[in-house]
Amino acid sequence: MKIRSKIVVHPLYYVVAFISFFTGYFKAFSIYTIIILVHELGHVVAALILKWPIKKVTIYPFGCMTTFDNKLNSSVYEEFLVLIYGPLFQILFNMLYPTSYHYFILLFNLLPIYPLDGSKILFLILNKICLLYTSDAADDRIS
């Protein structure tokens, strides 16, 4: 499977990179981009371990998004692993190359706002709680 052919760079990314070069923020933009790519690499590695087919990885000016072509009802465990590998890779990268950018990106990404990882993790937790609650209620009706 060729991952490289599935990487798509949004045209606006080039515009922002060009502007950052001429305004003196290219170093910060480059560090930010590397951190985002390492984070997204974590999601891709987890998907490859679980043998999820990757549709594409899109690089935007202020983030990245991996689209999977996986089955509709994946287990909560598998989805949680794919979600958590991104922040874990980012934390490991922070140990190798510590910058203040890591904390901002990590905390921002864990906010419960769609389509960030925090919203998906919250959804999985609430889904698990609701499944536990509904299965307990069903057991009470049967008894």
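Student: What is the accessible surface of the chain, and what share of it belongs to carbon and sulfur atoms?

Tutor: Keep in mind that this is a predicted model. The accessible surface comes to about 9700 Å². Carbon and sulfur atoms hold 71% of that surface.

Student: How many of the residues count as buried?

Tutor: Of the 143 residues, 34% are buried. Buried here means under 20% relative accessible area.

Student: Which residues touch the most other members of the largest nonpolar core?

Tutor: Start with the general idea. In soluble globular proteins, nonpolar side chains tend to be buried together. Now this case. The largest nonpolar core has 13 residues, and Phe 29, Ile 35, Ile 36 and Ile 105 touch the most other members. Helices α1 (11-23) and α2 (26-49) each give this core at least two residues. The largest share, 6 residues, is from α2.

Student: Beyond its neighbours within four places in sequence, what is Ile 36 in contact with?

Tutor: Ile 36 contacts Gly 63, Cys 64 and Ile 105. There is also a second, separate core of 7 residues, with Ala 46, Trp 52, Ile 54 and Val 57 among them.

Student: In what order do the elements run?

Tutor: From the N terminus, read β-α-α-β-β-α-α-α. That gives 5 helices and 3 strands.

Student: What radius of gyration does the chain have?

Tutor: The chain has 18 Å, whereas a compact globule of 143 residues would be near 15 Å. Along the principal axes, the C-alpha atoms fill a box of roughly 70 × 35 × 25 Å.

Key. Residues numbered from 1 in each chain as written. Predicted model: local features only at pLDDT ≥ 70, side-chain atom pairs only at ≥ 80, totals over all residues. Heavy atoms only, no water. Helix = DSSP H or I, 4+ residues; strand = E, 2+ residues; numbered from the N terminus. Rg over C-alpha atoms; globule rule 2.2 N^0.38 Å. Buried < 20%, exposed > 50% of the residue type's maximum accessible area, 1.4 Å probe, protein only. Areas by Shrake-Rupley, 256 points an atom, 1.4 Å probe, with all protein chains shown as cover. Core = buried A, V, L, I, M, F, W, Y, C linked by side-chain atoms within 4.5 Å. Contact = heavy atoms within 4.5 Å.
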